Amino acid sequence: QVQLVESGGGLVQAGESLRLSCAASGSIFSIDDMGWYRQAPGKQREWVATIISGGRTNYADSVKDRFTISRDNAKNTVYLQMNRLKPEDTAVYYCYAAIKTTARVTLPTWGQGTQVTVSS
């Protein structure tokens with residue numbers, strides 16, 4: 001069994017920063033893609049950023065140049081540094097990871113979500 005646990009959400013004012021963390025635990029052999037999605041009230045979940053095991057990153061246009069995704073493979077943890085936050089960034093943020101277990105089965109795994117609220 002594997003799981004992802006997120007932390008770091010909260011309430012900030014526009015222009016401020018937050019850093020989200022997401023740690024994987026359990027019977028982990030390796031982790032390929034890790035990423036972040038978000039879901040605002042009344043909207044569908046949308047992709048935010050992805051980082052592969054080699055470190056290459058991709059970002060949604062709406063967050064490019066403001067958000068930075070990184071990972072610590074030794075800690076099985078992915079981070080999302082969010083700068084110059086805007087009210088439209090308000091959402092529940094979910095981390096995602098493609099985790100290969102010690103049984104060599106790859107499990108798409110989601111975190112429980114963490115609320116980010118940006119006031120104007």
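Lys100 stands opposite Thr106 in strand 10, and five bridges join strand 9 to strand 10 in an antiparallel arrangement. Two strands are taken as paired if DSSP finds at least two bridges between them. Helices (H or I, at least four residues) and strands (E, at least two) are DSSP runs numbered from the N terminus. The model is predicted: local features need pLDDT of at least 70, side-chain atom pairs count only at pLDDT 80 or more, and totals for chains, interfaces and linings use all residues. Residues are numbered from 1 along each chain as its sequence is written, and side-chain values use heavy atoms, with hydrogens and water left out.

Strands 9 and 10 form a hairpin with four residues between them. Within the turn, Arg104 has a positive phi of about 65°. Strand 9 also pairs with strand 4, to which it runs antiparallel over nine bridges. In this pairing the bridge partner of Tyr37 is Tyr94 of strand 9. A further antiparallel pairing, over three bridges, connects strand 9 with strand 11, where Val116 stands opposite Ala91. Eight of the 11 residues of strand 9 are buried, so strand 9 is largely enclosed by the rest of the structure. Buried means under 20% relative accessible area, exposed means over 50%, and partly exposed lies in between (1.4 Å probe, protein chains only).

Strand 1 (residues 2-7) pairs with strand 3 in the antiparallel sense over six bridges, and Leu4 stands opposite Ala24 of strand 3. Strand 3 is also joined to strand 8 by six bridges, again with the two strands antiparallel. The bridge partner of Cys22 in strand 8 is Val78.

Cys22 is joined to Cys95 by a disulfide, with an S to S distance of 1.9 Å. A disulfide is assigned to a pair of cysteine sulfur atoms within 2.5 Å, and by this rule the count comes to one. The link of Cys22 and Cys95 is right-handed, with 45° about the S-S bond. The pair links distant parts of the chain, as Cys22 lies in strand 3 (residues 18-26) and Cys95 in strand 9 (residues 91-101), 73 residues apart. Cys22 is buried, at a relative accessible area of 0%, and Cys95 is buried, also at 0%.

Thr77 is found in strand 8 (residues 77-82) and counts as buried at 8% relative accessibility. Contact means heavy atoms within 4.5 Å. When residues up to four places away in sequence are not counted, Thr77 touches Cys22, Ala23, Met34, Ser70, Arg71 and Asp72. The side chain of Thr77 reaches the backbone oxygen of Lys75 at 2.8 Å. A polar contact is a pair of N or O atoms within 3.5 Å; within protein, one must be able to donate a hydrogen and the other to accept it, and residues adjacent in sequence count only if both atoms are side-chain atoms.

Gly111 is placed in the loop between strand 10 (106-110) and strand 11 (114-119). Gly111 is buried, with a relative accessible area of 10%. With residues up to four places away in sequence not counted, Gly111 touches Leu4, Glu6, Tyr94 and Cys95. Gly111 and Tyr96 are 15 residues apart in sequence, and their C-alpha atoms are 6.5 Å apart in space.

The structure holds three aromatic pairs. Rings of Phe, Tyr and Trp (its six-membered ring) pair if their centres lie within 6.5 Å; planes under 30 degrees apart count as stacked, over 60 as edge-to-face and the rest as tilted. Tyr37 and Tyr96 form an edge-to-face pair, at 6.4 Å centre to centre and 70° between the planes. Tyr37 lies in strand 4 (residues 28-39) and Tyr96 in strand 9, so the pair ties together parts that are 59 residues apart in sequence. The rings of Tyr37 and Trp110 have their centres 5.0 Å apart and their planes at 65°, so this pair is edge-to-face. Tyr37 in strand 4 and Trp110 in strand 10 are 73 residues apart, and their pair links distant parts of the chain. Tyr37, Tyr96 and Trp110 form one aromatic cluster. Tyr37 counts as partly exposed at 24% relative accessibility, and Trp110 counts as partly exposed at 36%.

Arg45 lies over the face of Tyr94, at 3.8 Å from the ring centre. The charged end of Arg45 also sits over the ring of Trp110, 4.8 Å from its centre. A charge sits over a ring if NZ of Lys or CZ of Arg is within 6 Å of the ring centre and within 35 degrees of the ring normal.
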